[in-house]
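Please go through the model below in the order of the text.

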Amino acid sequence: MIATTTPNIEGKRIIAYKGIVFGEVISGVNVIADMAAGLRNFFGGRSGTYENELITAREQAVQEMQQRASKMGANAVVGVDIDYEVLGSDNGMLMVTASGTAVVVE
């Protein structure tokens with residue numbers, strides 16, 4: 001399935017619009033990973049733990065969006081947008097949302 005941030009796909013003609021489609025992932029990082037990231041924050045540097053969690057959550061959200069589009073009868077998603085939010089009383093949860101328009105292309 002093609003997923004693109006553009007409103008159309010070069011060389012393809014959209015023949016049907018199936019509707020708006022979403023994929024959501026809410027993810028938490030465990031206490032040990034939080035402590036390791038806290039040390040990185042204190043001493044400086046990149047947090048591989050948080051980066052990996054972000055990458056995984058983003059990939060899962062896009063996959064979920066594509067699966068939902070497929071169930072709607074689409075073979076592509078255009079206008080994809082990915083949003084990130086932190087949730088929870090201590091901001092310990094990450095929410096990633098992928099959204100777009102499910103379409104059928106020739």
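A residue is called buried under 20% relative accessible area, exposed over 50%, and partly exposed in between, with a 1.4 Å probe and protein chains only. The model is predicted, so local features need pLDDT of at least 70 and side-chain atom pairs count only at pLDDT 80 or more, while totals for chains, interfaces and linings use all residues. Residues are numbered from 1 along each chain as its sequence is written, and side-chain values use heavy atoms, with hydrogens and water left out.

I26 is a residue to start with. It is found in strand β2 and is exposed, because its relative accessible area is 52%. Strands here are DSSP runs of E with at least two residues, helices are runs of H or I with at least four, and both are numbered from the N terminus. I26, L87 and M93 make a nonpolar surface patch of about 240 Å². Patches take residues with over 30% relative accessible area and no salt bridge, joining nonpolar side chains (Val, Leu, Ile, Met, Phe, Trp, Tyr) within 5 Å and like charges within 9 Å. The accessible areas come from the Shrake-Rupley method with a 1.4 Å probe, and for residues only the protein chains shown count as cover.

The sheet comes next. Strands of a sheet pair through backbone hydrogen bonds, either parallel or antiparallel. Two strands are taken as paired if DSSP finds at least two bridges between them. In what order do the four strands of the open sheet stand? The order is β1-β3-β4-β2, and the pairing is mixed. β1 (2–3) and β2 stand at the edges with a single partner strand each, so one side of each has no neighbour in the sheet. The parallel pair is β1 and β3, held over two bridges, with I2 opposite A76 in β3. β3 (residues 76–87) and β4 run antiparallel and are joined by ten bridges; A76 has V103 in β4 as its bridge partner. Five residues lie between the strands in the hairpin of β3 and β4, where G88 takes a positive phi near 95°.

Is β4 (residues 93–105) mostly covered or mostly open? It is mostly covered, since ten of its 13 residues are buried. Two of its residues can be followed in detail. S99 lies in β4 and counts as buried because its relative accessibility is 15%. Contact means heavy atoms within 4.5 Å. Not counting residues up to four places away in sequence, S99 touches V21, F22, M65, G79, V80 and D81. T97, also in β4, is likewise buried at 15% relative accessibility. Leaving aside neighbours within four places, T97 is in contact with F22, G23, E24, D81, I82 and D83. In β2, A16 is partly exposed at 24%.

A nonpolar core is a set of buried Ala, Val, Leu, Ile, Met, Phe, Trp, Tyr and Cys residues joined through side-chain atoms within 4.5 Å. The largest one has 14 residues, and V21, M65, A69 and V77 have the most contacts inside it. The elements giving two or more residues to this core are β2, α2 (48–71), β3 and β4. α2 gives the most, with five residues. Apart from this core lies another of six residues, among them I9, A76, V103 and V105.

The charged pairs remain. A salt bridge is a side-chain nitrogen of Lys or Arg within 4 Å of a carboxyl oxygen of Asp or Glu. By this rule the count comes to three. R13 and E106 meet at 3.0 Å, N to O. This pair links distant parts of the chain, 93 residues apart: R13 is in the loop between β1 and β2, and E106 is in the segment after β4. The side chains of E24 and R68 meet at 2.9 Å, N to O. That pair connects strand β2 with helix α2 across 44 residues. R68 also forms a salt bridge with E64, with the closest N and O atoms 3.0 Å apart. E64 and R68 both lie in α2, four residues apart, about one turn of the helix. Through shared partners, E24, E64 and R68 are joined into one network.
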